[in-house]
Amino acid sequence: MNTAANEAIENINIIKSTMDESRISYTGLYKLCIVFGTCNIVLTLASYLSVLLVFNTFITTGFLTFTTVLIRILSFAVPLIAYVLICKKEKSYNNRFYLSIIDTWAVISILLPVFRMIINLIQYNMISNGLLPQTDPAQMVLINSEDLSGAVLFLMIIIIYSNISRKPYIKIIGLIILFIQMFLSMIELSFLPGTADHSTLISFPGYEVYMTFSSIFAFLVFGIGYIIIGVLIKKKVEASTGKES
Amino acid sequence: MNMNEIPEALCQKLRIKIISCLVSSSKTFNELLTLTQTTKGNLSVQLMKLEEWHYITSDKVIENKKSKSTYTLTDHGMTQFEEYVALLKQIIEENEG
C-alpha cells in the first residue's frame, strides 16, 4: 500500500471517529421517555382498576393476583423491548458518553420493577411461612424506595433536558420533585401500616380503594412528567436539526 | 478535487477534525475543545484560519455575562469537505483495485 493510500485511510478514520464522537441524536431518548411515561400511566390505572373491580364486583381475588403479576411483568417488559428496539440503531453511531447515560437510566428503570417483583415474591413466601407478619411495614418502605429511586432517575432526565435546551434553571424543577417525593415518603413512613389512621391516604367514597399521596405524585411525575419531557426533547431535536425524528 | 488540489484547510489533521465535528451540528468553543482534545491556543488559531477561508462562521453571544462563540460549517466548507472525503475514498479504492 502506498503512502497516499495509508494517509487516506488514516484521515478517513479520523473523520469517522470524530463524527461519531460529535454526533448526538436524542431521538431515542424522547421515544424512551414517551414510552416509559405512557407505560406508567396505563399500568398504574390498570392496577387501580383491577383493585376496584375486585372489591366492588363479584370478580374473584384470583383475578387480582393475575392482573398484579401481569402488570409487574409488563412494567419492565415494555420499557425493555422499547429500549432494545429504539437504542439498537443508535448504538452504531452515537456519542458514547450520551449512550452511557441512557444505558444507566434505562438499566435502572427496567431493573427496579424486576427487583421489586423478586423481593415481593420472597416477602410473600416469608409471610406464608409465618416468618413475617401479615401487615409487613417493609412493603411500604419498599414502595417508597422505588418511588424515590424513580424520582432520582427522573431528575437525571431533567438534567439531560436542561443541558440540551441550555436552560440550567430546569434542574431546579427536578430537585423540587425529588424533595417533594422524599417529603411524602417521610410522612408515609411515619404512619406505617398498623399504626396509621389513614390520614395520609386518599379514599374514593363508595369504593374500597386507597391511594397514598406519594403514589399519586409518583403517578403524575413518572407518567405525565416523562411524557412532557419526551415531547419537549422531541421539539428541541426537531428545532435544532429539522431532520431527525 | 484531485491529490494536487487539496485545499490548505484540509491539509492539517486538527482542521479536518474541527470540520468533522461541525458536520452534524454547530458547536461551541468548549465543545470543540473537548472533541478535538487540543489546546485552547491551537484551536483558536485553526478556527480563525477556517473562518478566514470561509469554511466556518462564528456567532458570539453573551451568556451569564460571558461571551460564548458558536461555530457553524458553511455551505462552501461542507462542499469542500464532501469532495475531500470522495477523494480519500477514491484513493483507497484505487489502491485496493
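Student: Where do I begin with chain A: how many helices and strands does it have?

Tutor: Start by listing the elements, then read their order. In this predicted model, chain A has 7 helices and 2 strands. Following the sequence, the pattern of chain A is α-α-α-α-α-α-β-β-α.

Student: What share of the residues in chain A is buried?

Tutor: Of the 245 residues in chain A, 22% are buried. Taking contacts in chain A between residues at least 6 apart in sequence, 72% join residues at least 24 apart.

Student: Which residues touch the most other members of the largest nonpolar core?

Tutor: First the general idea: in soluble globular proteins, nonpolar side chains tend to be buried together. Here the largest nonpolar core holds 27 residues, and those touching the most other members are L29(A), L32(A), C33(A), F154(A), I157(A), I229(A) and I233(A). Two or more residues of this core come from each of α2 (27–56), α3 (61–88), α4 (96–128), α5 (137–165) and α7 of chain A. Take L32(A) as an example: leaving aside residues up to four places away in sequence, L32(A) touches A82(A), Y83(A), I86(A) and A106(A). Another core, of 20 residues, lies apart from the largest one, and its members include A9(B), I56(B), L88(B) and I91(B).

Student: Now the two chains together. How many residues of chain A are in contact with chain B?

Tutor: There are 17 from chain A, in contact with 16 residues of chain B. On the side of chain A that touches chain B, α1 (3–22) and α7 (213–241) each supply at least two residues. The most comes from α1(A), which gives 12 residues. By class, that side of chain A has 9 nonpolar, 6 polar and 2 charged residues.

Student: At what angle do α1(A) and α4 of chain B pack?

Tutor: To read a helix pair, look at the angle, the distance between axes and the handedness. For α1(A) and helix α4 (residues 75–96) of chain B, the angle is about 135° and the axes are 9 Å apart. The crossing of α1(A) past α4(B) is left-handed. On the α1(A) side you will find A4(A), A5(A), A8(A), I9(A), N11(A), I12(A) and I15(A), which meet V85(B), L88(B), I91(B), I92(B) and N95(B) of α4(B). This contact has 10 nonpolar, 2 polar and no charged residues.

Student: And is the crossing of α1(A) past α1(B) left-handed or right-handed?

Tutor: It is right-handed for α1(A) passing α1(B). These two helices pack at about 40°, with axes 8 Å apart, so α1(A) is oblique to α1(B). The contact joins N11(A), I14(A), I15(A), T18(A), M19(A) and S22(A) of α1(A) with K13(B), I16(B), K17(B), S20(B), C21(B), V23(B) and S24(B) of α1(B). Its classes are 6 nonpolar, 5 polar and 2 charged residues.

Student: Within chain B, at what angle do α1 and α3 cross?

Tutor: Helix α1 (residues 13–24) and helix α3 (residues 40–52) of chain B cross at roughly 75°, and their axes come within 10 Å. So α1(B) and α3(B) are roughly perpendicular to each other. In this pair, L14(B), R15(B) and I18(B) of α1(B) meet N42(B), Q46(B), L47(B) and L50(B) of α3(B). That contact of α1(B) with α3(B) comprises 4 nonpolar, 2 polar and 1 charged residues.

Terms used. Residues are numbered from 1 along each chain as its sequence is written. Chains are lettered from A and ligands numbered from 1 in the order in which they are written. This is a predicted model: local features need pLDDT of at least 70, side-chain atom pairs count only at pLDDT 80 or more; totals for chains, interfaces and linings use all residues. Two residues are in contact if their C-beta atoms, placed from the backbone, lie within 7 Å. Helices (H or I, at least four residues) and strands (E, at least two) are DSSP runs, numbered from the N terminus. Ala, Val, Leu, Ile, Met, Phe, Trp, Tyr, Cys and Pro count as nonpolar, Asp, Glu, Lys and Arg as charged, and the others, Gly among them, as polar. A residue is buried if 20 or more other C-beta atoms lie within 10 Å of its own, exposed if 12 or fewer, and partly exposed in between; C-beta atoms are placed from the backbone. Axes are lines fitted to C-alpha atoms, for helices over the stretch in contact, and angles run from 0 to 180 degrees between N-to-C directions. Angles under 35 degrees count as roughly parallel, over 145 as roughly antiparallel, 65 to 115 as roughly perpendicular and the rest as oblique. A nonpolar core is a set of buried Ala, Val, Leu, Ile, Met, Phe, Trp, Tyr and Cys residues joined through C-beta atoms within 7 Å. A crossing is left-handed if the near helix is turned anticlockwise from the far one by less than a right angle, and right-handed if clockwise.
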